[in-house]
Amino acid sequence: IAESKCSVTEKNGKLTYEIDGKFVSPEDVAKLIFRKMKETAQFALGSDVNDTVITVPFDFGEKQKNVLGEAAKGAGLNVLRLIHEPSAALLAYGIGQDSPSGKSHVLVYKLGGASLSITVIEVNSGLYRVLSTAADDSVGGTCFTEALAQHLASEFRRYYKNDVRGNPRAMMKLMNSAEMAKHSLSTLGTANCFVDSLSDGMDFDCNVSRARFELICSALFVKCIEAIKKLLEQVGLGTDDISKVVL
C-alpha cells in the first residue's frame, strides 16, 4: 500500500479518505490491510491461509465488529471468531489454560502509540471475565517520543543558540531520532541521538541516559500509574490481588 497524505471528508453521508483525488472508505482500507496480511501469512507459511481470528478493542460495538468482519471476508478470509484484545493477550500467553482450576486476576496493560488501555480480567477455571477496562487517549507512546524530542531541541538550542522548535522539518528529524533512542533505552542504559544537518548545516550529537529519559517523562509515567490505581479502585482490588501483568 503506497504511503500518501490524505484528508477525511464526508461523501454521501459517510466519512471517507480522500487520497490523490480518489475517495476511499474505511472499509476498503481495512480490506486492503487484510488482503496484505493474508498474502504475508501465505508467503511465510508457503501454503494457503483462509481461516482467521480477529482481535478487536474491548469497546467495539456490534456495528464496528460487523464492518471489520465483512472487510476480512472481502479480502478472502473466513472469520472464525472476533475476540476482545485483552482476552486475546491472555490466550497468547496461555494464561489460565495450563492450570484451569482456581481463580486469579490479571491486569492487561497496553500503551499504544496514541492511547493507553488497561483491563482487569478475572480468570476462573480457564474462563475469562472482564471486570473493567479504562482508556486514556491523552497519553501514548508518541507522547514519550515528543517529550524526548523537545528535550533534544532544548539541548540543541543550548549548544548552538538555535531554536528549531518552530521548524517542522528539524523537529521531524528529532522525533525520528527520539523514537530510535526510546526503543534503545528499553534495554540499554544510554542511547545516542545523532541527527545529520539538523539546522543550517549543523549536525547534532547527544547522549541520553535512561535515568534522564525517565526524568523527562516523569509526568507521563505518573499519569500511567495513576490510571492503574484508579482502575483497581473501581473493581475493588489492590495490587496484591493481581497475580500477573500482561504488557
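The side chains of Asp 163 and Arg 157 meet in a salt bridge at 3.9 Å, N to O, where a salt bridge takes a side-chain nitrogen of Lys or Arg within 4 Å of a carboxyl oxygen of Asp or Glu. Asp 163 is partly exposed at 39% relative accessibility, and Arg 157 is partly exposed too, at 42%. On that scale, buried is under 20% relative accessible area, exposed is over 50% and partly exposed is in between, with a 1.4 Å probe and protein chains only.

A quick word on the ground rules: this is a predicted model, so local features need pLDDT of at least 70 and side-chain atom pairs count only at pLDDT 80 or more, while totals for chains, interfaces and linings use all residues. Residues are numbered from 1 along each chain as its sequence is written, and side-chain values use heavy atoms, with hydrogens and water left out.

- A search of the whole structure turns up 10 salt bridges.
- Glu 122 and Arg 129 join through their side chains at 3.4 Å, N to O; Glu 122 is buried at 11% relative accessibility, whereas Arg 129 is partly exposed at 46%.
- That pair belongs to a network of salt bridges linking Lys 103, Glu 122 and Arg 129.
- Lys 182 and Glu 179 make another salt bridge, at 3.4 Å, N to O.
- Both of these residues sit in helix α5 (residues 168–184), three residues apart, or about one turn of the helix. Helices here are DSSP runs of H or I with at least four residues, strands are E runs of at least two, and both are numbered from the N terminus.
- Lys 182 counts as buried at 15% relative accessibility, while Glu 179 is partly exposed at 29%.

**The four-stranded sheet**

- An open sheet of four strands runs in the order β8-β7-β6-β11, with mixed pairing; strands pair if DSSP finds at least two bridges between them.
- β8 (127–136) and β11 (242–246) are the edge strands, each with a single partner, so one side of each has no neighbour in the sheet.
- Neighbouring strands of this sheet are turned by 20 degrees against each other on average, direction ignored. For that angle, axes are lines fitted to C-alpha atoms (for helices, over the stretch in contact), and angles run from 0 to 180 degrees between N-to-C directions.
- β6 (residues 103–111) pairs with β11 in the parallel sense over four bridges, and Val 108 has Val 246 in β11 as its bridge partner.

**Buried spots**

- Helix α3 (residues 85–92) has Pro 86, Ser 87, Ala 88, Ala 89 and Leu 90 buried.
- The cover over those buried residues includes β4 (51–56), β5 (78–84), β6, β7 (116–124), β8 and β11.
- Just after α3, Gly 94 takes a positive phi of about 65 degrees.
- Thr 16 sits in strand β2 (residues 14–19) and is buried at 9% relative accessibility.
- Leaving aside neighbours within four places in sequence, Thr 16 has contacts that include Ser 7, Val 8, Phe 23 and Pro 26, with contact meaning heavy atoms within 4.5 Å.

**Aromatic rings**

- The structure holds four aromatic pairs. Rings of Phe, Tyr and Trp (its six-membered ring) pair if their centres lie within 6.5 Å; planes under 30 degrees apart are stacked, over 60 edge-to-face and the rest tilted.
- Phe 156 and Tyr 160 have ring centres 4.8 Å apart and planes at 40 degrees, so the pair is tilted.
- These two are four residues apart in helix α4 (residues 141–160), about one helical turn.
- Phe 156 is buried at 0% relative accessibility, but Tyr 160 is partly exposed at 37%.
- One aromatic cluster is formed by Phe 156, Tyr 159, Tyr 160 and Phe 204.
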